[in-house]
Amino acid sequence: MCGIIGYTGVKKAVPILLAGLAALEYRGYDSAGIAVQENGLKVVKTKGRLSLLREKLEHATHLQHATCGIGHTRWATHGEPSDVNSHPHATAHLALVHNGIIENYAQIAAFLTERGYTFLSQTDTETAALLIDHYYKEEKEPQKAIFRALQMLRGAFAFGICFADYPDRIYAIRKDSPLIVASTEAGALIASDVPAILPHTNVYYRPEEGVLAVLEKAQVSFYSAAGKQVQQKTERLDWNVEQAQKGGFPHFMLKEIHEEPQAISRTVSAHLKDGLPYFGENFPTEVLKSCRAIHVVACGTAMHAGLIGKRIIERLCRIPVRVEIASEFRYRNPILEENDPVILLSQSGETADTLAALRHAREKGVPTLAIVNVNGSTLSREADHVLYTPAGPEIAVASTKAYSVQCALLYLLALHAGLARGQISAETVREICQKMQHEVPESVEKVLEMNDEICGCAKELTDAEHVFYIGRDVDFDLCTESSLKLKEISYIHSEAYAAGELKHGTISLITHGTPVVALSTVPALAGKMLSAMREVAARGAMLLTVTTKQIAAKEELPADRLLLLPDIDELLAPFPAICAMQLLAYHVSALKGLDVDKPRHLAKSVTVE
Ligand code: M6R
């Protein structure tokens with residue numbers, strides 16, 4: 001999704017804006033631009049990668065002394081990626097960058113057309129820029145103009161705005177889209193996300209919705225719609241610049257997969273007390289004890305982590321769990337019984353659909369719990385309760401370590417609920433927690449050591465057009481995530497199937513050489529998996545069998561390629577298994593020479609519907 005950066009201060013703005021945009025590249029974009037104050041507002045923007053913007057700016061030497069400006073990476077929603085549709089959008093009075101969607105842009109365009117405005121681009125954003133321009137001409141004052149325009153705008157937005165008449169100032173405001181504001185000795189900044197400001201500070205404001213931030217070189221002030229100055233709280237993030245960099249790895253995705261052992265162990269340690277799961281004094285254990293069902297709502301990889309959560313909660317607590325895609329949940333009028341909690345999972349805590357699902361659940365008055373990775377994100381602030389997954393920044397678009405820690409936290413929740421409901425003894429819970437703290441990270445380390453072997457398997461998939469993942473029980477859930485990982489970064493079509501379901505239709509697609517990845521980590525179902533593997537092998541499939549040493553020791557498994565996962569308590573097998581599958585997808589993409597961290601059309605944080 002779009003990325004916003006802004007700087008006003010004593011330093012040169014162009015390098016700060018470019019570095020900020022580079023730090024936001026992970027969000028996904030198709031064009032980029034900046035506007036700086038240098039004898040009036042000057043805009044430079046282009047379709048394509050930041051390198052193209054850099055090239056254009058090298059020729060714009062007259063802008064190099066500017067000390068105030070805004071920048072943007074655009075992820076197209078309204079209008080194709082093009083120079084003219086790129087942000088900033090400028091008028092004679094102002095330049096504006098936007099993250100979000102103006103839902104009533106057509107109505108605003110009609111309003112402006114009646115007043116003599118014409119449009120250069122096909123974007124919804126230009127209507128916002130022109131609307132503020134219209135009110136600026138009436139009010140002759142930025143603050144009043146912005147608030148008057150906001151009364152008309154519907155949808156989601158974070159805006160950064162510079163006015164030509166105020167060459168040292170940036171105005172910024174948000175509704176349903178992320179925006180942070182920071183003040184340092186060398187100047188003030190706005191950004192869509194923390195990595196963009198980390199080289200300058202790790203302390204920032206996250207302005208409340210509808211509060212206008214006015215940034216000047218030496219200060220930041222906040223105003224309500226009534227024009228009153230208001231205070232905003234600062235937040236601090238304990239991430240450092242190195243954590244947000246590649247640290248010697250060729251890609252963020254590979255670095256983040258390698259961080260899984262520590263991330264899992266940190267997540268578990270952070271939520272244990274006396275060897276048992278502990279989530280703080282205010283945690284609603286009573287709800288988990290008495291509820292009749294649990295809803296887990298999320299998108300993409302986070303939703304797949306929810307599927308693993310369902311398995312473990314249902315197994316350990318015997319509470320029915322319904323996992324739902326957030327974009328479906330919100331429009332379906334789901335049946336939410338009083339006291340049945342809704343758990344929202346999200347790495348970013350800013351995903352628009354997950355946020356809307358949370359708001360729907362809150363409107364219905366049921367307890368809500370957010371599990372998020374980003375401190376202070378909107379989801380974490382709006383949910384009744386929040387648990388953090390201390391995975392550190394996840395920059396690659398393909399989510400990896402966030403998935404593993406979400407699973408780890410869901411395991412702890414299941415153990416906590418199982419204990420509270422008397423389904424499982426404290427002794428057993430302690431034993432599993434102990435294993436999660438030590439044996440799980442160790443087993444994931446062992447998978448990381450299998451890197452070359454996994455890369456060898458990946459070579460078999462690089463030319464494939466279709467790949468099928470098959471598994472049963474929890475392995476099927478792992479296959480859904482493995483398949484998503486492969487398709488999003490390698491552009492190979494892939495599907496996950498419950499192995500027993502193949503023969504009810506899909507097996508007709510298996511022909512000579514069709515790659516099938518068969519995942520088998522559940523000993524009780526190994527025999528059933530064996531039958532499915534034989535069935536696809538008999539039809540000529542190229543079989544990549546992924547199983548545990550323990551299962552392989554008992555069965556003669558058909559396999560063109562065999563990956564043996566380290567043995568671990570069966571309950572905990574998903575952790576090493578998913579690490580292997582993530583590495584497999586990573587290597588296919590890297591071997592194909594694709595942009596692993598920034599796959600086409602995708603954004604890290606999906607802040608529009
Ligand atoms: O930030 P979130 O966890 O809410 O994001 C949800 C999905 O957009 C995200 O997991 C997406 O599916 C990833 N690209 C998958 O790798």
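## Report on the predicted structure

Leaving aside neighbours within four places in sequence, Ser192 is in contact (heavy atoms within 4.5 Å) with Cys2, Gly3, Ile4, Leu24, Arg27, Asn99, Pro178 and Leu179. The model is predicted, so local features are given only at pLDDT of at least 70 and side-chain atom pairs only at pLDDT 80 or more, while totals for chains, interfaces and linings use all residues. Residues are numbered from 1 along each chain as its sequence is written, and side-chain values use heavy atoms, with hydrogens and water left out.

Ser192 lies in the loop that runs between strand E10 (187-191) and strand E11 (203-205); helices (H or I, at least four residues) and strands (E, at least two) are DSSP runs, numbered from the N terminus. A separation of 187 residues along the chain lies between Ser192 and Ile5, yet their C-alpha atoms are 6.8 Å apart.

Ala302 belongs to helix H9. From Ala302 to Thr400 the distance is 98 residues in sequence and 9.9 Å in space, C-alpha to C-alpha.

Buried means under 20% relative accessible area, exposed over 50%, and partly exposed in between (1.4 Å probe, protein chains only).

| Residue | Relative accessibility | Class |
|---|---|---|
| Ser192 | 2% | buried |
| Ala302 | 8% | buried |
| Asp473 | 34% | partly exposed |
| Asp274 | 65% | exposed |

**Helix H3**

Helix H3 spans residues 105-114, and Ile108, Ala109, Phe111 and Leu112 in this helix are buried. Viewed down the axis of H3, these buried residues fall within an arc of 160 degrees and so line one face of the helix; the arc is that of the directions from the helix axis to the C-beta atoms. An α-helix has 3.6 residues a turn, so residues three or four places apart point the same way. The other side of H3 carries the exposed residues Ala106, Gln107 and Glu114. The packing partners of the buried residues of H3 are strand E6 (94-102), helix H4 (124-139) and helix H5 (142-152). Gly116, with a positive phi near 95 degrees, follows H3.

**A five-stranded parallel sheet**

Five strands in the order E24-E23-E25-E26-E27 make up an open sheet with parallel pairing; two strands pair if DSSP finds at least two bridges between them. The edges are held by strand E24 (493-498) and strand E27 (561-565), each with a single partner strand, so one side of each has no neighbour in the sheet. On average, neighbouring strands of this sheet are turned by 15 degrees against each other, direction ignored.

Within the sheet, strand E23 (residues 466-471) is paired in the parallel sense with strand E25 (residues 515-520) over three bridges. Ile470 has Ala518 in E25 as its bridge partner. Helix H19 (residues 574-591) packs on the sheet, where it touches E23, E25, strand E26 (542-548) and E27, and its direction makes about 165 degrees with that of E25. Axes are lines fitted to C-alpha atoms, for helices over the stretch in contact, and angles run from 0 to 180 degrees between N-to-C directions.

**Pocket and cavities**

The volume of the largest pocket is about 500 Å³. Its lining comprises 25 residues, of which Cys299, Gly300, Thr301, Lys604 and Val606 are the closest to the centre. At least two lining residues of this largest pocket come from each of helix H9 (300-317), strand E20 (342-346), helix H11 (352-363) and helix H16 (474-490).

There are four cavities of 30 Å³ or more in the structure. The largest cavity holds about 150 Å³ of space. Among the 17 residues that line the largest cavity, Tyr26, Asp193, Gln347, Ser348 and Val374 are the closest to its centre.

On a 1 Å grid over the protein atoms alone, a cavity is a set of points where a 1.4 Å probe fits but cannot get out, and a pocket is an open set with protein on both sides within 12 Å along at least five of seven lines; lining residues have an atom within 4 Å of a point. Grid points are joined across faces, edges and corners, and a volume is the space filled by probe spheres set on the points.

**Backbone features in loops**

The peptide bond from His87 to Pro88 is cis, with omega near 0 degrees. Pro88 itself is in the loop between strand E4 (68-74) and strand E5 (89-90).

Two aspartates have positive phi values. Asp274, a residue other than glycine, has phi near 50 degrees and is located in the loop between strand E16 (272-273) and strand E17 (276-277). Asp473, also not a glycine, has a positive phi of about 55 degrees and sits in the loop between E23 and H16.
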